[in-house]
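The following exercises concern a single protein chain. Please work through each task with the sequence and the coordinates at hand before reading its solution.

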Amino acid sequence: MGRQRPGTPTLEEVAALAGVGRGTVSRVINNATGVRDSTRRAVQRAIAELGYVPNLAARSLAGHRADAVALVMTEPDWRLFGEPFFTEIVHAVGDALTDTPLQLLLTLVRTETERRRFVEYARGGRVDGVLLMSVHAEDPLPDMLAKAGLPTVMLGRRSGEESVTYVDADNTGGARGAVMHLLDTGRRTIGAISGPLDMYVAQCRLRGYREALEPAGVPAGASLVVEGDDFTEESGRRAMTELLARHPDLDAVFAASDTLAAGALNALRAAGRRVPQDVAVIGFDDFHPARPTDPPLTTVRQPLEEIGHTMVRLLQEEMEDPAVAWRHVILRTELVLRDSA
């Protein structure tokens, strides 16, 4: 292990062709900082011209690196992995890793046994860092990884007191802006379909709903809120049916995800309610291109591509300097107006 096959290009040959030292070639291959763009391009041209393939096994042994990161999904309901949110994030993370030597490993960790097994796997040097998504409030996995000394970045957070690096959207502000738009258009009996409230993201979006209604003097009673079992379309349909039974005079609904909103639209159609004439609907996420609705859905766009890229950047920084303090990054959302509200 660690020897080039006879006749294959060597690191020294790449360095000679590019007119740089061997160390510079290594820094380019490892995507390290401190290399001028012109030098980096020269090395990359030499690599392409010679057909050089880095000896990753030897490099990993020498640097104690696996050249791999794990994207861990902790959602216990496997059906949710077919939802647009997950595919968008996986795509964004994969795109951010394209120009790095890092391999992306997609892993499901849903039970206590799987948690212990994954932590042991990661501690064994098989991954250099971990990206976590869909973490529920009581999930100990982020703390287990931190205790094991593994660089970890979460998508979202478990609570307002999170002590692990995370990247999140402004869920409270986005929801507040959506409901304020409903108020501005004259809606007064506004329901909410939340996600599972053991997830902080669902708590934040529900908080934004209430923060918009209370200053306006509009009722925000418990009967106007239905908690979704999950963030699926079927959950949105059931919740919307329940809201209509409680409040036949309902004239608007804020759903905590686009998939919940899509289910709400189905329930309204089945009940003979016109959207937006009778009931206005706003979702959250902006998966409109992936899941067309009738009518087109007004929603809160969270910057999923930026979230994925930021997660990768923060993880790489922690991998380079394990002593770096944890960071909390919250990105802006945007209300996208379409026909449903």
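The model is predicted: local features need pLDDT of at least 70 and side-chain atom pairs count only at pLDDT 80 or more, while totals for chains, interfaces and linings use all residues. Residues are numbered from 1 along each chain as its sequence is written, and side-chain values use heavy atoms, with hydrogens and water left out.

**Exercise 1. Overall layout**

Task: Describe how the chain is divided into domains and state which share of its residues counts as buried.

Solution. Step 1: The chain comprises domain 1 (11–54), domain 2 (68–169 + 305–332) and domain 3 (171–301); these bounds come from an automatic or database domain assignment. Step 2: Between the C-alpha centres of domain 2 and domain 3 the distance is 29 Å. Step 3: Along the principal axes, the C-alpha atoms fill a box of roughly 80 × 40 × 35 Å. Step 4: The chain has twelve helices and twelve strands, taken as DSSP runs numbered from the N terminus (helices H or I, at least four residues; strands E, at least two). Step 5: Of the 341 residues, 51% are buried; buried means under 20% relative accessible area, exposed over 50%, and partly exposed in between (1.4 Å probe, protein chains only).

**Exercise 2. Salt bridges**

Solution. Step 1: A salt bridge requires a side-chain nitrogen of Lys or Arg within 4 Å of a carboxyl oxygen of Asp or Glu; the structure holds 21 of them. Asp168 sits in strand β5 (residues 166–169) and Arg157 in the loop between β4 (152–155) and β5, so the pair ties together parts that are eleven residues apart in sequence.

**Exercise 3. Around Pro276**

Task: Determine which peptide bond at Pro276 is cis, and examine the salt bridge between Arg274 and Asp278.

Solution. Step 1: Pro276 is placed in the loop between α11 (258–270) and β9 (280–285). Step 2: The bond from Val275 to Pro276 is cis, with omega near 10°. Step 3: The side chains of Arg274 and Asp278 form a salt bridge of 3.0 Å, N to O. Step 4: Arg274 is partly exposed because its relative accessibility is 48%, and Asp278 is likewise partly exposed, at 25%.

**Exercise 4. Positive phi values**

Task: For Asp67 and Asp285, report phi, and then the location of each residue.

Solution. Step 1: Asp67 is not a glycine, yet has a positive phi of about 55°. Step 2: Asp67 occupies the loop between α4 (56–63) and β1 (68–73) and is buried because its relative accessibility is 8%. Step 3: Asp285, also a residue other than glycine, has a positive phi near 130°. Step 4: Asp285 lies in strand β9 and counts as buried, at 5% relative accessibility.
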